[in-house]
Amino acid sequence: METVLAFLTVFTQPQLFLLVGVGTFAGVYVGAIPGLSVTMAVSILISFTFSWDVYPAIALMIGIYMGGVYGGSRTAILLNIPGAPSAIATAMDGYPMAQKGEAGTAIGVTTVMSFIGGFIGIIVLALAAPFVSDFALSFQPRDYMLLAVLGILLVGSLSTGSLVKGIFAGAFGLAIGAVGRDPLTFAERFTFDFRLLEGGISFIAVMIGMFGVSEALMQLQHADKTAVKQKISRIVPSWGTVRRHLPLSLQTSSIGVIIGALPGTGGDIAALMAYDHAKRVTKNPEVPFGQGAIEGLVAPETANNAAVGGAFIPMMTLGIPGDAVTAIMIGALFIHGLNPGPMLMVDQPHMFWFIVGALCVANCFMLLFGLTGIKLFTRIVEMPRAVLIPLIMLLSIVGAYAVNNAITDVYWMLAFGVFGYFMRHYGYPLGPVILGVILSRLLDDNWRRAIISDREDLGRFFGGILHSPLSLVLFVAVILIFVSQTPVWAKAKAMLRKESA
Amino acid sequence: MNKIILATVSALALGAVAAQAQDYPTKEIQGIIQWGAGGSTDTVMRAVTPHAEEVLGGTVVMQNVTGGVGAIALNNVESADADGYTLLMGAENPLLYKVMGLGDKDYGDFIPVDLLARGTAILVANNDAPFDDYAGMMQYIKDNPGELKLGATGPGGLPSVITAMMDTVEGKLDVISVPYDGDGPALTALQGGAIDVMPAVLGASIEGIRAGTMKPLAIFDTEASDKLPDVPTIVSENEAYGAYLPWGPFFGVFVKEGTPDDVVAKLSDAFKQGAENADFVKLMDERGFTMMNISGDEAEEFLTNWQQNTAWLLQDAGLTSASPEEFGIEKPAE
């Protein structure tokens, strides 16, 4: 009974209900602006809500978090600039849809799918949190490393056109991610004795430049072309569309929850993995991937919103943050006099149920704010290019500056924008670069941890893989995915078919 | 409007410094936090600053500038004007930058506004580790050389200092040192069994110990903590540790050298009163931090001692990249 009451707190107190709503609304717009991140918004809120009670403070933060994760898809679809790293995969099929005048449909599908993913995340959090957190804890450095290798193999999915160029782009991304002082030994890498490079290259700046500025430069070539007229008759997807994609959304949501619950990986990796998964399991998409496939929107959007519930799992059960935002929320609980940790669930069970309730409300508000105002938003794409291109540039510059309030980030962003423009010109895909940057540290740090733990002995390392069921599963998955992308696989498949025929 | 311009110009003409000291703060103050959002430095700073703001009658806008073990933030504040409008909110690490080859600046280029609190180190182990106390761990290391996985956070971090102490007192330990980027991720790995033992700050591990998700081996202090009275002190295990203790990481607010004295005084007063706030004291106590709340000469002296002791400890353990002597860091008196 107490559980139900705690869960209902947010529904019964109008003030809390409204705060979640306000937070979600703000989140959708903060998330849509590249560079203004949810992490930043939540850490500003800590000072802002300092003198408040803990419930209203948390309610507002949860709203911003949920709305922000969703908001990143807006600019990804409309302008090809992901508002947040977790929306990179969304741009791959969302933007082509907007180019065809289907921005309204794309946003509609994205919203409903984010809602479904969000709910699955919340359900898992509510029902299976202790179980999932135990599973997440059992990931060893070598498992994280294998996960990163699995991620690297997505290069194939993210490369439209030449695989070789995709691999180059991915490797380039890995190298960018390694620049700066190594976080484990503090040795300088790729810094060439420039102090500027010591802190590394801001990954958000790379993303904004590669997507935003290069897009603006591309559009300059067609400055006279009239904008695509957007069809906005049908925004809410039909029940049939939703039902058809329900199996896929369930699968990608589970990817989202697990990746979200792992401390050290978050919505960005979850969304990319889900996109790859969709590409693998969807045999005959109505529209090919990369040209506006609905499945290409369903997968990343369910996964990144499911990752929100996932990220709360280790936070609530163990006091371990699932991502950067939950890390700040742990700080907030601490400042408000609670002791976030494994005892929180025992000492303060209503805090857990209050958070579950607030997440539910935030998810519903997200659906509401997502489906309203789409008409206004799609106007953005219909704007004349003379207005649109400077707007993209402005957004990119503001976004890059906002990351760290540093002008050097703006220079990086512009440089990568120009570089990205030439990469596009020569047919190099940009997705793998970002993939590489995201995975660089995960791969590098965990490989070193794993091999150091095994006394730098490769035999022991592979022995360890064989002895752990989890590592073995991941290892086999890596091998299978790798082989399935080689000609050997296709040949073997063809032979098998011949024999059975 | 004209009057304002006139006033501004004449204020400038009369010497901005004199005018500034009386009115300080006339604009927003920037607080640069050396470590990431959600970490202990971040939480401590965000918890104390609103109380200090009340006393100061101004706003402090806090921002996390991470990277380079905090060196990026330090250089940022160092390159700003010495007018008291840019504060560095940091931890102990900069005092080791020089000897670790991480930079050529440290707190010597700054004035301590207030050293808020210090932490205590504790040795915690994974619940499945085949020993339950410090002596058991030492025996295990002896019996299984090169098998124990000890968490680390890079050169100059708390685990490296504690490991240096253990190496100095017990003789070089044959263990595997697994690096993590912070004690949070390392303690997570400890609970998952990726590492066996972790030297951590009490505040970061206290909730885990209370809940029984990790087991404490020894507290690196001369007296037992009233938060965990049952955990033995390291001195009770081996008296030789007494020479290096008490030692611990600390949190402090700094301004650039050259900031006008009265501005520093005003800031120091604000943070001192802010840190006396009952809520903040309770918060720090619950996390096992020891309040210091010192400024002026007392703080300078603390910093000098801390730097001498720690730098030479690391030097003697062979962990530094340059001798403290090169930077004029004197060897502490025996």
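Predicted model: local features only at pLDDT ≥ 70, side-chain atom pairs only at ≥ 80, totals over all residues.

## Helix H12 of chain A

Burial in H12(A) takes in Leu248(A), Ser249(A) and Thr252(A), together with the run Ser253(A), Ser254(A), Ile255(A), Gly256(A), Val257(A), Ile258(A), Ile259(A), Gly260(A) and Ala261(A). Because twelve of its 16 residues are buried, H12(A) is largely enclosed by the rest of the structure.

The length of helix H12 (residues 246–261) of chain A agrees with expectation: at 1.5 Å a residue, its 16 residues should span 22 Å, and its end C-alpha atoms are 22 Å apart.

## Packing of H13 and H14 in chain A

H13(A) and H14(A) pack with their axes 8 Å apart, at an angle of about 145°. Their crossing is right-handed.

On the side of H13(A), the contact involves Gly267(A), Ala270(A), Ala271(A), Ala274(A), Tyr275(A), His277(A) and Ala278(A). These residues meet Glu295(A), Gly296(A), Val298(A), Ala299(A), Pro300(A), Thr302(A), Ala303(A), Asn304(A) and Ala307(A) in H14(A). By class, the contact of H13(A) with H14(A) comprises ten nonpolar, five polar and one charged residues.

## Helix H5 of chain A and its two partners

Helix H5 (residues 88–99) of chain A packs with H14(A) at an angle of about 160°, the axes being 8 Å apart. H5(A) is therefore roughly antiparallel to H14(A). The crossing of H5(A) past H14(A) is left-handed. H5(A) contributes Ala89(A), Thr90(A), Met92(A), Asp93(A) and Gly94(A) to this contact, and H14(A) contributes Gly296(A), Leu297(A), Pro300(A) and Glu301(A). The contact of H5(A) with H14(A) has four nonpolar, three polar and two charged residues.

With H13(A), the axis of H5(A) comes within 7 Å, and the two axes cross at roughly 45°. H5(A) is therefore oblique to H13(A). Here Ile88(A), Ala89(A) and Met92(A) of H5(A) meet Asp268(A), Ala271(A), Leu272(A) and Tyr275(A) of H13(A). Six nonpolar residues and one charged residue make up the contact of H5(A) with H13(A), with no polar residues.

## Contact between the chains

Between the chains, 36 residues of chain B are in contact with 43 residues of chain A. On the side of chain B that touches chain A, the elements giving two or more residues are helix H2 (40–56), strand S2 (60–64), strand S7 (176–179), helix H7 (183–192), helix H8 (202–211) and helix H11 (278–286) of chain B. H2(B) gives the most to this side, with five residues. By class, the residues of the side of chain B that touches chain A are 16 nonpolar, 13 polar and seven charged.

## Helix H7 of chain B

Eight of the ten residues of H7(B) are buried, so H7(B) is largely enclosed by the rest of the structure. The buried residues are Asp183(B), Gly184(B), Ala186(B), Leu187(B), Thr188(B), Ala189(B), Leu190(B) and Gln191(B).

The cover over the buried residues of H7(B) includes H6 of chain A. From chain B, it includes strand S5 (121–125), strand S6 (149–152), helix H6 (158–170), strand S8 (197–201) and H8. Following H7(B) is Gly193(B), which has a positive phi, near 85°.

Definitions and conventions: Residues numbered from 1 in each chain as written. Chains lettered and ligands numbered in written order. Contact = placed C-beta atoms within 7 Å. Helix = DSSP H or I, 4+ residues; strand = E, 2+ residues; numbered from the N terminus. Nonpolar A, V, L, I, M, F, W, Y, C, P; charged D, E, K, R; others polar. Expected span 1.5 Å × (residues − 1). Buried ≥ 20, exposed ≤ 12 C-beta atoms within 10 Å, placed from the backbone. Axes fitted to C-alpha atoms, helices over the stretch in contact; angles between N-to-C directions. Parallel < 35°, antiparallel > 145°, perpendicular 65-115°, else oblique. Left-handed = near helix turned anticlockwise from the far one by under 90°.
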